[in-house]
Amino acid sequence: MNWLIPANGEMYDHASSFAHYGAIDWRQGKSKYSVGDIVYIYCTTPIQRVRYKCKVMELDKNSSQTRDDKEYWLNREEYEKSLDGKFFKLQLIEEVDSEKLSYQLLLKYGLNGAIQGPIKLSEILENYISSVFSKANDEFFPEVLDSSVEIFEGLKKQISVNKYE
């Protein structure tokens, strides 16, 4: 099963948590996740796009079985509320920053309104999101060089990479 869940960056620093640990213990709620499910994370205002592709690694954890992530909570009251209930572990697979994953484009591919909680993805929407993740990586790391482009030895080329600390 493939899911889309919202993430409020004004309450929790998801980017730093993923960068430091590669995984987040997420509130499970009432949704019926399974180990191995793919979960795409939609970042709410101001980003308003899907940024993360994750895999469910563990289910039904209580707060004593989770990593203490107090440092990533921007709202102390929300942190305290977050300690109740069950959690599941989301392992980061990929991160993409593309306008093609914006809320407006997701609506065109089958999203039925605001993302206020976990949503099971339709086949059309899942295929679209998955294709954007695939193409984003192909743009940065092409497997095959375009044979119509002439390459000259010694030609200066600028290459940019992301470095996480």
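Predicted model: local features only at pLDDT ≥ 70, side-chain atom pairs only at ≥ 80, totals over all residues.
Biologist: What makes the largest nonpolar core a core?

Modeller: A nonpolar core is a set of buried residues such as Ile, Trp, Val and Leu, joined through side-chain atoms within 4.5 Å. The largest one here has 19 residues. Those with the most contacts inside it are Ile5, Trp26, Val39, Ile41 and Leu90.

Biologist: Which elements give two or more residues to this core?

Modeller: They are β1 (2-7), β2 (23-27), β3 (38-43), β4 (49-61) and β5 (87-95). There is also a second, separate core of 18 residues, which includes Tyr42, Leu121, Leu125 and Tyr128.

Biologist: What is Trp26 in contact with, leaving aside neighbours within four places in sequence?

Modeller: Contact means heavy atoms within 4.5 Å. Among the residues that Trp26 touches on that basis are Ile5, His14, Ile41, Phe88 and Leu90.

Biologist: Why do you say that the buried residues of α1 line one face of the helix?

Modeller: The buried residues of α1 (residues 14-21) are His14, Ser17 and Phe18. Seen down the helix axis, they fall within an arc of 95 degrees, so they line one face. These buried residues pack against β1, β2, β3, β4 and β5. Gly22 follows α1, with a positive phi near 75 degrees.

Biologist: How do you know that β2 and β5 pair?

Modeller: Pairing needs at least two bridges. Five bridges join β2 to β5, and the two run antiparallel. Ile24 has Leu90 as its bridge partner in β5.

Biologist: What makes β4 and β5 a pair?

Modeller: They have seven bridges, in the antiparallel sense. At least two are needed, so β4 and β5 count as paired. Val56 stands opposite Leu90 in β5.

Note on methods. Residues numbered from 1 in each chain as written. Heavy atoms only, no water. Buried < 20%, exposed > 50% of the residue type's maximum accessible area, 1.4 Å probe, protein only. Helix = DSSP H or I, 4+ residues; strand = E, 2+ residues; numbered from the N terminus. Arc of directions from axis to C-beta.
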